[in-house]
Amino acid sequence: MAEISEAPDSDSSKLFGSDSKAPQRPDSEPEFDPKLMRKTKPGLKRLFLTFSVLFSFLLGFPFLWKSVEIYRSPLPFREIDSLSTQLRSDTLLFPLHFHALFVGFDSDPDRLRWSILSEITKLTSQNPKCSDNYTLSVTVDLGSRCLRGRTSSPHSSSYQCGSVTGGDFVQNDDVAVDERLASVFGGKNNEYSMAVVKGVSERAVVGKYRHAWMVVGDGSDVEMAVVKVAEVLIKVFINGGREEGLIRNEFMPVGADGKIVLSFNLLNADPHDWVYDWDFEKIDDTLLTPMIEALGPVANISVESQVLYHTPKASFSYWNQKLESYVFSTKDLPFFVNSNEWHLDTSIAAGGRSKILQFAVYVPSAKECPLLLQLPNGEISKTNGFISPMWGGVIVWNPQGCLRDSEFKPSAKNIIPIQDLENMFEVFIGQFRQLFGFKSLNVYTGASGDWNLLPSERGFTEWELDVLSRQHTCFNLHSCATTLGSLSRLVQSLPRMIIKDEIGKQVKLSLEAAKLALSNASSGVYESSAASSSQARSLAEDAFFHPSIMSVSYYSFEHCFAVYSPFFLPVSMHVVLAALRELRRYKQEKAKYLAWKAKANTAT
Amino acid sequence: METFINPKSLFHLLLLPCLLLYSSIAYNSSPVEAAMHTNNWAVLVCTSRFWFNYRHMANTLSLYRTVKRLGIPDERIILMLADDMACNTRNKYPAQVFNNENHRLNLYGDNVEVDYRGYEVTVENFLRVLTGRHETAVPRSKRLLSDEGSHILLYMTGHGGDEFLKFQDSEELQSHDLADAVKQMKEKHRFKELLIMVDTCQAATLFNQLQSPGVLAIGSSMKGENSYSHHLDSDVGVSVVDRFTYYTLAFFERLNIYDNASLSSLFSSYNPSLLMSTAYYRKDLYKRRLEEVPVTNFFGSVMETIHTDAAYKALSRRNSGRFEDEMSLDQSVHHIERRMLIKVNDGYEIHDINPEGEEGASKCPWSTFRNKFQKAENVDSLVNYGLVAMIPLLVISTWLVQ
């Protein structure tokens, strides 16, 4: 409207302007061009309105960002890395103290110590993962006085001079000698003692506790004794009777949660011939419970048993006339377990990450009775049993008088006689030891002679338990460190995956248990370090195998974008555009006003 | 530039090369002695459902039967099937599944243990089986409990395409998901060697992204090729077996558990003209030579056995054996008494729980009802307030319009 009304004014001014004066226009008012000027100051209300909407959006943006943030429990990545580097760089050192006692020898203890140490260094192999920090002290007992060698260990030996004499070893009762020496030496946690005595009959025995003794003849020299002493200290007390230092992984049948389930099965191959039952609870209380208690620090063991019927074996046997029995050979052993018919893995007590070890007693049918195992060298096995590492063991038990089966009623339940059951369970304990990497024989055949290993009622002697504790601590700590390292790598490679609080807690607890295990190990308390290391490993496995860490179920960035952009993109576009437009308009109006003001000022 | 270098990103920048360095050191210096081969596992997955995919279920069941015959027990087989063929209303032979038109062999006859059936066969469950990340309540029979000495056979069949495999017509397994799962399995030492057999269209693309060592993979066709069914059973009305699986089974029917045919003979038995596709295998990640590996390393069951030399005789027990008998009788009597006492206590406890439970149950409905009522009151009041607040708005807007 303004433009049209202006035109006639300007026209009229042009019409009348040239010869007469300007019609009723005051001279003091300057030219007013509404397109370029305005008389009043532009208001701020519109600007304020649009900018308030824009600012409210900007103000709400941090809250929105926080609400779509992925919850990730903060994992202690630095501590995980430091645990791994600590385990790798300074290898786990177990402190051990050896004490060698020479009775009836006239030698210098320091020279003996030096020669034993040189023999030991010849035998120790380099073990990258875990090694042992041993100290050695030598005492020579001359009856009237004792010569003690220089020791590098801070604690002194508690050996009373004259407590061990040659007369103690005269009788051939190893058990009594063992008890006597136990009362002398004490047998504290990481001290191993060795007694070398001059006597009549040669004998070399390793006791049930933490000592061994050797009776040498009068004519033998000290050097031979020294070699044997070094061998028993390294090969038996440290390595547990194995050649290599570290137990291989297939001889560590402990589950990831530190539990083992022993499943005992009595398999009746053909119930039409005979049916056997056993009195398991009695044997469990007397033979198995002490062993399970002894292995408490290493693994949490529970026991189950069942009796199965119609369980034939899968391999074949042939009749041997000379032995008057059916014979199967070691070549058939891999095919003996008939997994189609032997439904052994029916345990309901075992959790998902426990290890189940199956021990099966196979009672053959009348068509294959008696069934004997023939070894490759032609001998018949004394135990009729075999193991498969990480699976368990099988024993074949032939019922008595199976050739004269007229005495047995087929449908009646026969109980396995208690003596046979005890023999069977002794073989089972031997197999259990084999599954842990020890031998079931009671003899250690070393390079310099044989040693008699005394058996213990608990299935494992004290020094064997120490070996197990050390090896399992080493293995568990390394496994825990690698698991936590894998977890941290995985978590860092998926930055948009939700990490629950539970995982963070488990990782923290695992690291604490690992630290405790390390400190216990370096101070020599093996049992608690084995228990803490097993706990550390199980917590690390729980964290790594937490069911929420699934790569299919995390929010990718595309998902977030696709959900929020259909609303926010158009709205933000409009809001921003409106704000910009208002700003531009305000600036234009302000410029117009300033132009009018300038003109008004110049006019006056 | 300063705005980009804040402390957090600096820390990350420093951490990344440290991690790389550390991981390279870890891979170089980890003393991985070759673990002994202790057992064999089989994971057999049929990813299709519906009647017209009969041949995929027949494929999987045929391989299941083969693997069981050669010695792998049910406890070491994870079988994932949609399992809707045998009792399908369109099945002319109810409860029977055949893989040949001569109907000589009923695959669904006896002793078939399906671990994941029906709608449980999902990509998530499959990846959980492979990586081992189950909920705590999942039973042992549904878990892959392999260790570092295990050889695993992974067989998958169904409909697939370029770098994916279709699961139950509703989701997909991509090749990078599979490669990721295998990488995590290797990190956690869940297998010693892995053989992947895939019988789908363009099967060889599914293992394009694998990087982990110790994996051998064979697919029934290459990229751009289809895998075809072998023959149509006019009696049942659908195709009953695929070509790749048919020729695999033909190879294994000639074997028993004592044989030692090698993997290279298996792989070279596939004739492209008979298969109408190229069976492609990938052995760059597998260190051993295929001529030396017997097929029973994956398809059969080999137990490493060690003979037990002697019984562990604790000498002191010999002497006190007789005492043990008498004492153990007493102990067993005590034991039985103890157990009876425990049972009696359990009975009392059970009795105690019941009345509480009943009371609780009787209380529960009332209390829950009251809670709900209260909550309902709250909701009602909220709704009322909202309605009341809206009325002035309504009035103002009508006044403005007018």
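## The annotated transmembrane region

In the unreviewed UniProt entry, residues 382-401 of chain B are annotated as "transmembrane region"; UniProt positions are given in the numbering used here, feature names are shortened, and such annotations may be inferred rather than shown by experiment. In this predicted model, the span is 100% helix and 0% strand, with its end C-alpha atoms 29 Å apart. Helices (H or I, at least four residues) and strands (E, at least two) are DSSP runs, numbered from the N terminus.

A word on conventions: residues are numbered from 1 along each chain as its sequence is written, while chains are lettered from A and ligands numbered from 1 in the order in which they are written. Local features need pLDDT of at least 70, side-chain atom pairs count only at pLDDT 80 or more, and totals for chains, interfaces and linings use all residues, while side-chain values use heavy atoms, leaving out hydrogens and water.

## Where chain B meets chain A

Let's turn to the interface. Here 63 residues of chain B are in contact (heavy atoms within 4.5 Å) with 80 residues of chain A. The two chains bury about 6,400 Å² between them, 54% of it on carbon and sulfur atoms; buried area is the accessible area (1.4 Å probe) that two parts lose on being put together, summed over both. Arg133(B), Arg140(B) and Tyr312(B) supply 14% of the area that chain B buries against chain A, more than any other three residues.

Two salt bridges are counted between the chains, the term meaning a side-chain nitrogen of Lys or Arg within 4 Å of a carboxyl oxygen of Asp or Glu. One of them links Lys188(B) to Glu541(A), with the closest N and O atoms 2.9 Å apart.

## A strand pairing between chains

Strand E14 of chain A (residues 385-388) runs antiparallel to E13(B), joined to E13(B) by two bridges. Two strands pair if DSSP finds at least two bridges between them. In this pairing, Phe386(A) stands opposite His307(B).

## The sheet in chain B

Chain B also holds an open sheet of seven strands with mixed pairing, in the order E3-E2-E1-E4-E8-E9-E12. Its edge strands are E3 (116-117) and E12 (280-282), each of which pairs on one side only. Strands of a sheet pair through backbone hydrogen bonds, either parallel or antiparallel.

Within this sheet, E4(B) (residues 150-157) and E8(B) (residues 193-199) pair in the parallel sense over seven bridges. Leu154(B) has Ile196(B) in E8(B) as its bridge partner.
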